[in-house]
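Subject: Structure handover

Hello,

Here is the structure we talked about. My notes follow below it.

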Amino acid sequence: MNKQSVIILSYVLIFLLQVVSDCFLDTGLYVHICLLPLVIIALPYKWKPGVVMPVAFALGLLADILSGGVLGVNAGASLVASSIRNPAYRYLVSTDGQLPAQIPSSVLLHTGPYLRYLSVVVILYLAAYILLDAPARGTASFFIARLAASAGASIAACYALNLLLSRN
Amino acid sequence: MRRNGTIDTIKSLAVFVALGILSIVLVINNGAVQRYRVLSFSRSVNAALWKALGGARSASFYRAENDRLATENLALMQEVASCRAAAALQETVTDERGYRFISAKVVKNTTNMQNNFLILDVGTDNGISDGMGVVTGNGIVGIVEATDRHYCRVSSFLSASQPASVKISRTQAFGPLSWSGTSIRKAHITEIPTHAEVTPGDTVVTSGFSAIFPPEIPVGTVTGVTSDGIYNDVDVDLLLDFNSLQHVFVVRNLDGKEINGLL
C-alpha cells in the first residue's frame with residue numbers, strides 16, 4: 001500500500017471516528033468533539049473552493065446521516081470550515097500567500113502556526129455547529145461556554161491525531 | 001487573470017450560499033426544535049413587518065379599504081345596539097298593559113299553503129306556551145299552536161282560519177282581520193258597521209281586545225272599502241312581508257290567565 005493510500009485511509013478512519021464519537025461518546029451538554037475540521041484541512045489545496053465546499057458539505061452530511069443526528073448540522077459547519085480554510089491559511093500561516101502543496105501538519109508548519117490555523121478552522125466549525133444545533137437552548141452564555149469547552153477538547157483531539165499521523 | 005479570479009470568487013460565493021441555504025433547510029426540516037425556533041422567529045419577523053407596513057398601506061392604497069371597514073364597523077355597532085335592545089326587551093321590558101316580549105328567530109316559514117305555519121327557536125324552556133301571540137313591529141305574525149322544549153310551531157296569520165282583532169286607528173272602528181288567501185300582502189276586515197267612516201289610506205292597528213296581541217301594533221293600510229248595506233268590507237295592504245321574516249317577538253300577556261278566567 002503506497003503512502004497516498006495510507007493517508008487517505010487514515011482520514012477515512014478519522015471520519016469514522018467522528019461518527020463513532022457522535023454515536024457512542026457521551027461528552028455531556030457542553031462538550032462536542034469534532035474531528036471533521038482535520039479532514040477538511042487535509043482536502044487537497046489545489047482544488048478550487050467551488051469544489052472543496054461541496055465535498056466538505058457532502059462529508060458533513062454523510063456524518064449527519066451515519067451518526068443519526070439532525071441532517072444539515074455537520075454539513076453546514078463543514079461548509080463554513082471549508083470556506084474559511086484557504087483564507088485562514090493565507091492569513092495565519094503562509095508567508096508568500098501560497099497554499100500548501102502537502103497536507104498541513106504541525107511537523108510541516110511548526111506547532112505555533114499549525115495550532116493557530118487549526119484553532120481558527122475548528123472554532124468556526126464549532127460556531128456554525130452550535131448555532132445550527134443550539135436553538136434548543138440558545139442563550140449567549142451557553143453558546144460561549146459550549147464553544148469554549150468544545151473548542152478546547154476538539155483542538156486537543158485534532159492536534160493529537162495530527163501528531164499520530166505525522167509520526168507515520 | 002484578475003477577471004478569472006473574480007469569476008471564481010463569484011462562483012465560490014454562489015456555491016457557499018446555495019449549500020448554506022441547503023443545510024439550513026435540512027436542519028429546519030429534520031430538527032423539531034430548530035423548526036420550532038425558526039417558525040417562532042419568522043412569525044415575530046412577520047408580525048414586525050406587517051406592523052411596520054400597516055402604516056404605509058393605510059396612508060396610501062389601503063385608505064379606501066379602511067373607509068369601507070369603518071363603515072362596516074359602524075353598521076355592526078348599530079346591529080349590536082339593536083341586539084342589545086332586543087335582549088333588554090326580552091329580559092326586562094314589560095309594557096304598561098302587562099305584555100312581555102320574547103325575542104325569537106324564525107327557523108321555518110311557509111307562505112305558499114292554505115294554512116301556513118312558522119317554526120321558532122324558542123320553546124317551553126323560554127317560557128313559551130300555546131296560545132301566545134307572535135308579532136313584529138310591522139304587524140301580526142300568528143299564534144303559537146304547539147310547543148316543545150326548544151321550539152314552537154306558530155299558526156301563521158296567513159291561514160284561512162286565523163283572524164285577528166284590529167281597528168281603524170283614526171276612527172277606532174274595529175273588526176276581525178283575515179288573510180285574503182290570494183296574496184301574502186293582502187287581507188280584509190269584515191263586520192265593520194257602515195256608519196263607521198273608513199277611507200283608503202287609513203292605518204289599521206291591533207285593537208288589543210283579545211288577550212293575545214297588544215294594542216296599537218300597526219298592521220297595514222286601507223286600500224279599498226266595499227259595503228253590503230250593513231257591514232263594510234275593508235281591503236288592507238299588510239305592512240309585514242312574510243317572505244323576509246327572520247326575527248319575531250312572542251307576546252306573553254301577564255294578565256292573560258286572569259282575563260281568560262273572566263271570559
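Buried here means under 20% relative accessible area, exposed means over 50%, and partly exposed is in between, with a 1.4 Å probe and protein chains only. By that cut-off, 32% of the 263 residues of chain B count as buried.

Some conventions. This is a predicted model, in which local features need pLDDT of at least 70 and side-chain atom pairs count only at pLDDT 80 or more, while totals for chains, interfaces and linings use all residues. Residues are numbered from 1 along each chain as its sequence is written, chains are lettered from A and ligands numbered from 1 in the order in which they are written, and side-chain values use heavy atoms, with hydrogens and water left out.

Chain B overall

Chain B has 4 helices and 12 strands. These are DSSP runs, numbered from the N terminus: H or I of at least four residues for helices, E of at least two for strands. Contact means heavy atoms within 4.5 Å. Take the contacts in chain B between residues at least 6 apart in sequence: 57% of them join residues at least 24 apart.

Cores

A nonpolar core is a set of buried Ala, Val, Leu, Ile, Met, Phe, Trp, Tyr and Cys residues joined through side-chain atoms within 4.5 Å. The largest has 46 residues. L120(B), F157(B), L177(B), I189(B) and V250(B) have the most contacts inside it. Strand β1 of chain B (residues 99-109) gives the largest share of this core, 5 residues. Another core lies apart from it, with 44 residues, including A56(A), A81(A), L109(A) and V27(B).

I189(B) is worth a look in the viewer. Beyond four places in sequence, I189(B) touches V166(B), I168(B), G175(B), P176(B), L177(B), V204(B), N232(B), D233(B), V234(B) and V236(B).

Helix pairs in chain A

Axes are lines fitted to C-alpha atoms, over the stretch in contact for helices, and angles run from 0 to 180 degrees between N-to-C directions. Under 35 degrees counts as roughly parallel, over 145 as roughly antiparallel, 65 to 115 as roughly perpendicular, and the rest as oblique.

The axes of α3(A) (residues 49-67) and α4(A) (residues 73-92) come within 7 Å and cross at roughly 150°. The two are therefore roughly antiparallel. Their contact has 10 nonpolar, 6 polar and 2 charged residues. Ala, Val, Leu, Ile, Met, Phe, Trp, Tyr, Cys and Pro count as nonpolar, Asp, Glu, Lys and Arg as charged, and the others, Gly among them, as polar. On the α3(A) side, the residues include M53(A), A56(A) and F57(A). On the α4(A) side, they include S78(A), L79(A) and S82(A).

For α6(A) (residues 111-133) and α7(A) (residues 140-167), the axes come within 9 Å and cross at roughly 135°. That makes α6(A) oblique to α7(A). This contact has 16 nonpolar, 5 polar and 2 charged residues.

Two positive phi values

Q172(B) is not a glycine, yet its phi is positive, about 65°. Q172(B) sits in the loop between β6 (164-168) and β7 (174-179) of chain B. Q172(B) is partly exposed, at 43% relative accessible area.

E216(B), also a residue other than glycine, has a positive phi near 70°. Its loop runs between β9 (203-206) and β10 (218-227) of chain B. E216(B) is partly exposed, with a relative accessible area of 44%. Leaving aside neighbours within four places in sequence, E216(B) contacts K167(B), V205(B) and T206(B). E216(B) and V205(B) are 11 residues apart in sequence and 5.1 Å apart in space, C-alpha to C-alpha.

Best wishes
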